[in-house]
Each structure stands twice: as C-alpha cells, then as structure tokens.
Amino acid sequence: MERQKPIGIFDSGVGGLSIGHAIRTALPEEDLMYFADLGFSPYGVKATPIIRERSEYIVNFLINQGCKAVVVACNTATVNTISDLRSKFSIPIFGVEPGIKPAALQSKTGVIGVLATQQTLESDSFQQLKTTYSKMVTIETMACPEFVSLVENLNHNGDKATDVAEHYIRPLLSAGSDQIILGCTHFSFLISAINKVVGGEATIIDTATPVAMEVSRRLHALNLENLNSTQGKAAFWTSGNVANVIGPMSELWGSGINVSEISP
C-alpha cells in the first residue's frame, strides 16, 4: 500500500538528519530513508546546474526505493532545485528555506540575521525572499562555511564551535538583529554553541519542526500517512565512504545504524 511506503530525505551530508529527527518525532510510525550525498558534498560551493543534476538523480533513486514522498533536507538544494523537482516528479516534494517570514513578523528591532551557505545567500530564490521581506525589516546575512565542516567532523559541541559561532553571529547581533535564522539544516546541530553566543539577545529560528509539521499535514491531506501503530524503521544511504560516514551519522542520529554505499 502507498501509505506504508517510506519518506525519503536527502542532504549533501549529515545535516539533514536534523530534519529526520523532527519527522521521526512528528510521525513516529513512518519509515524513513535518508540519503547523504557525501560524494558530492558540500553543495554550498557547487554551481546550480550540478546541484540540480544531483538532486534529480537522488529523487529518482529514492522513488526507485519505493518512497512515497521526498524531503529536500538542504537549504541550498531547496532554493536551487525545488521548483524543477516538483515539475518533474508526481510525488510530494518538500523543501526547506530560511525562516525569514516568521522572523520578520516577530522582530521588535526591525533587524533580522540569516546564517546560511554562500550558495543559498546568492540564489535567486533567496534573493526574491529577501526582496519581499526587506520592505518590513532589515535583513543581515552571514555565510558560514565552517559550520558545515564542524558538524560533518563532529566538532559541533566543543570550544572551537563556540568560537566560530561568535565570529559569525556577533556582527549580526551588533547590527541589531533580534532574530537569528538557521538557514542550513547542518546548523541545527550547532544549537548549543549558537545559544552560548546569542544568549538572550535574540530568538533563534530553526525550520526543522515546521517542515515536519508540513509533511504531516500534506500526507494526511493526500491519505498517505502510515496508519500503523508500530515504530517506523529508518534506512540510510550515502554516496561517500561508509567507513568514514557511519560514525558521524550514528552519533548524530543517536543510535548505531547501518549505512549502504552507492557509487557517486
């Protein structure tokens, strides 16, 4: 039955596991299939045509594995490919994008800050989003390339992570930002370091939970939610080297897992 098919999730690396956690919490009965495209990571420095080609390849792969829906758990891939993917595939395709709208609506100072990859910040989609809400607030942005590598290398909870967060976030706070938007799914795993820097100076906006809620709403509306009462299973794939990735993925997922490798 369609309802019992898994939900596919993919990212350039391990950051999208934060979306996986949120979906597991919101929809514990759903089977999940996660694809870490570490053979082509990071996406944040890749040209748009390459990101589109990889995203289409991975969605095809997940559909061939029986997925009933796919979540593009990567801000860079979302802003560069989501419209194209939705036009090419008939299953529900979900994306993530920086939470500028809620930040703009909540801001008291009229200044909000966005942490993201350079590719996301330069994308047409983000620029359109920025133009729309710049009428309401001043939008400060910061490209954070070191954040991704900190998470991928499991250095996201140490002093180095706090130092890097200070470097990226302090200018946004100094500019008056009272909302700090996490514009990359990797950044959710840096929440401890980010909180140390932000303190009570700003509200941190992470889109993982709203994405999971939207997946739940759409699956229900389409009669695709799994009605079983048992805990769903999770399968993991990577285009990288399993020996290198299984440790980080297991730690970030919170339990030992098996990871299958496919050729990049």
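## Terms and model

The model is predicted.

Ser12 sits in the loop that lies between strand S1 (7–11) and H1. Its relative accessibility is 5%, so Ser12 counts as buried, the cut-off being under 20%.

The side chain of Ser12 makes a polar contact of 3.5 Å with the side chain of Asp11. Beyond its neighbours within four places in sequence, Ser12 is in contact with Ala36, Asp37, Leu38, Ser41, Tyr43 and His186.

## Helices H1 and H10

Two packed helices are described by the angle between their axes and the distance between the axes. For helix H1 (residues 17–26) and helix H10 (residues 208–221), the axes come within 8 Å and cross at roughly 50 degrees. H1 and H10 are therefore oblique to each other, and the crossing is right-handed.

On the H1 side, the contact is made by Ser18, Ile19, Ala22, Ile23 and Ala26; H10 contributes Ala208, Thr209, Val211, Ala212, Met213 and Val215. Of the residues in this contact of H1 with H10, nine are nonpolar, two are polar and none is charged.

## Helices H7 and H8

Helix H7 (residues 145–152) packs with helix H8 (residues 159–174) at an angle of about 165 degrees, and their axes are 10 Å apart. Angles over 145 degrees count as roughly antiparallel, and H7 and H8 therefore fall in that class. Their crossing is left-handed.

Pro145, Glu146, Phe147 and Leu150 of H7 meet Lys160, Ala161, Val164, Ala165 and Tyr168 of H8. The contact of H7 with H8 has seven nonpolar residues, two charged and no polar ones.

Definitions and conventions: Residues are numbered from 1 along each chain as its sequence is written. This is a predicted model: local features need pLDDT of at least 70, side-chain atom pairs count only at pLDDT 80 or more; totals for chains, interfaces and linings use all residues. Side-chain values use heavy atoms; hydrogens and water are left out. Axes are lines fitted to C-alpha atoms, for helices over the stretch in contact, and angles run from 0 to 180 degrees between N-to-C directions. Helices (H or I, at least four residues) and strands (E, at least two) are DSSP runs, numbered from the N terminus. Angles under 35 degrees count as roughly parallel, over 145 as roughly antiparallel, 65 to 115 as roughly perpendicular and the rest as oblique. A crossing is left-handed if the near helix is turned anticlockwise from the far one by less than a right angle, and right-handed if clockwise. Contact means heavy atoms within 4.5 Å. Ala, Val, Leu, Ile, Met, Phe, Trp, Tyr, Cys and Pro count as nonpolar, Asp, Glu, Lys and Arg as charged, and the others, Gly among them, as polar. Buried means under 20% relative accessible area, exposed over 50%, partly exposed in between (1.4 Å probe, protein chains only). A polar contact is a pair of N or O atoms within 3.5 Å; within protein, one must be able to donate a hydrogen and the other to accept it, and residues adjacent in sequence count only if both atoms are side-chain atoms.
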